[in-house]
Amino acid sequence: MDTRDRPPGLPGIAAGAGLVVVHGAALAVTAVAIADSWGGDYWVFGCATGLVMGVLALMRSRHTGWAAGVALGVAAVAIVVAWAGHLPAEPGPAAVVGLSVLIGSAIRSLPIRWAAAVAAGGLVLVVGTGLTAPASAAGVPAVLTFFGAGWLAALATGLGLRLLDTRRRTVAEQVRRAERLELARELHDIVAHHMTGVVLHAQAIQVVRRKYPEKLDEYLAGIETASSDALVAMRRVVGLLRDTSDPAPSGPGQLSELVARFTSHGPSVYLDLPDDEPDWPPEVVSTVYRVVQEALTNITKHAPHAQSVTVRVTHDHIDRTTISQAQPSITVEITDDAPAHPARYTHRSGYGLVGMRERVEALDGTLSAGPCSGSGWSVRAVLPLPVRELR
């Protein structure tokens, strides 16, 4: 599954807290170093510039491009003011920290043209710093060395994360494509299932027309119903195949065989199925099976300490005697009791559930996954069933 299934806000909060700590330390270093070497209130300008950079860096998640552009402008003004006013050279350590974070974030997330512009702007500032910073005994001004290293680190980190994000999107799209191809293979079985009923009704009509003409309307209605069901099923499956082998399970009962295979090498599984074995459309049956299969596979990979698993499938019945009725649905939920562990939240959201989400949403259903309260993990899918017209 994608990042939508991780505990919300935790990575962002941790990154923000880490940035505040590092930037605060850089501000302190800036103030102490300038006070020792320059004395007086010369540290105020450098710390003010660094503070602005830190605030912009904290705002980058909402306005990355805007924050990076403003930061480059502020840094350019600070460099000129420091050179003209004979102040300590800019950008100082705190400002470099903020600028590096902003440049790296922009390179990672902005469109290529704007990311390149931000990277080039940072390089221009590095050159400007080298031209305006006073010479030192070592030959290369310390502010130039520090800023140059920060710019290179931002460039390398931003490009690396950008490539990683691209790879993740590519793999996710490959998973979705594989799921669509699998559904395409199942489409033949689904069409054959419904068309067989049409053919049987048509053959029966030839006999009924001669011997029981009064039942002709009943068989014609059967053909109409089977044809309508076939069209609905094809629309629901083909809706996922926007690009131009396992057989589909034949019924909910095959979940028992799947659970038995899992129990033989994993924790015990409690399977709760509807008592009446409802007549589900084939595309819904195969989707329920795949969701349970993927959830059990994830438990094997990422929850080795789970002692028990519950697979519950429920079917919402409708009242056929009423004209106005809600659409019936099937709910499948898989939960385990593995103890909570931070690593699970990162690894349980793999690419397998990306394909499951694609399949479920193609049937106008919903899929959610995440930690249970206390301990354990839950995967829940709700699949609406087509409502046949009442006669």
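Is aspartate 364 buried or exposed? At 63% relative accessibility, aspartate 364 counts as exposed, where exposed means over 50% relative accessible area, buried under 20% and partly exposed in between (1.4 Å probe, protein chains only). This is a predicted model, in which local features need pLDDT of at least 70 and side-chain atom pairs count only at pLDDT 80 or more, while totals for chains, interfaces and linings use all residues. Residues are numbered from 1 along each chain as its sequence is written, and side-chain values use heavy atoms, with hydrogens and water left out.

**Overall composition**

- The secondary structure of the protein chain comes to 11 helices and 5 strands; these are DSSP runs numbered from the N terminus, with helices being H or I of at least four residues and strands being E of at least two.
- Of the 391 residues in the protein chain, 40% count as buried.
- The protein chain has an accessible surface of about 21,000 Å², and 62% of this belongs to carbon and sulfur atoms; accessible areas come from the Shrake-Rupley method with a 1.4 Å probe, and for residues only the protein chains shown count as cover.

**Backbone features**

- Most residues other than glycine have a negative phi, and most peptide bonds are trans.
- Aspartate 364 has a positive phi of about 65° although it is not a glycine, and it lies in the loop between α11 (352-362) and β4 (366-371).
- Histidine 86, likewise not a glycine, has a positive phi of about 55°.
- The place of histidine 86 is in the loop between α3 and α4, and at 64% relative accessibility histidine 86 counts as exposed.
- A cis peptide bond, with omega about 0°, joins glutamate 90 and proline 91; proline 91 is in the loop between α3 (64-84) and α4 (93-109).

**Helix packing**

- Two packed helices are described by the angle between their axes and the distance between the axes.
- α3 and α4 pack at an angle of about 140°, with their axes 9 Å apart; axes are lines fitted to C-alpha atoms, for helices over the stretch in contact, and angles run from 0 to 180 degrees between N-to-C directions.
- That angle makes α3 oblique to α4; angles under 35 degrees count as roughly parallel, over 145 as roughly antiparallel, 65 to 115 as roughly perpendicular and the rest as oblique.
- The crossing of α3 and α4 is left-handed, a term used if the near helix is turned anticlockwise from the far one by less than a right angle, with right-handed used if clockwise.
- The axes of α4 and helix α5 (residues 112-132) come within 8 Å and cross at roughly 155°.
- That makes α4 roughly antiparallel to α5, and α4 passes α5 in a left-handed crossing.

**Salt bridges**

- Side chains of opposite charge can pair when their charged atoms come close.
- The structure holds 3 salt bridges, a salt bridge being a side-chain nitrogen of Lys or Arg within 4 Å of a carboxyl oxygen of Asp or Glu.
- Arginine 108 and aspartate 165 meet through their side chains in a salt bridge (2.7 Å, N to O).
- Arginine 108 lies in helix α4 and aspartate 165 in helix α6 (residues 142-211), so the pair ties together parts that are 57 residues apart in sequence.
- Aspartate 165 also forms a salt bridge with arginine 168, the closest N and O atoms being 3.9 Å apart; both residues lie in helix α6, 3 residues apart, about one turn of the helix.
- Aspartate 272 forms a salt bridge with arginine 312, the closest N and O atoms being 3.3 Å apart.
- This pair links distant parts of the chain, with aspartate 272 in strand β1 (residues 268-272) and arginine 312 in strand β2 (residues 308-315), 40 residues apart.
- Aspartate 272 counts as partly exposed at 23% relative accessibility, and arginine 312 counts as partly exposed at 36%.

**Nonpolar surface patch**

- Leu51, Val55, Met59 and Trp66 make a nonpolar surface patch of about 380 Å²; patches are made of residues with over 30% relative accessible area and no salt bridge, with like charges joined within 9 Å and nonpolar side chains (Val, Leu, Ile, Met, Phe, Trp, Tyr) within 5 Å.
- Methionine 59 lies in the loop between α2 (43-58) and α3 and is partly exposed, with a relative accessible area of 32%.
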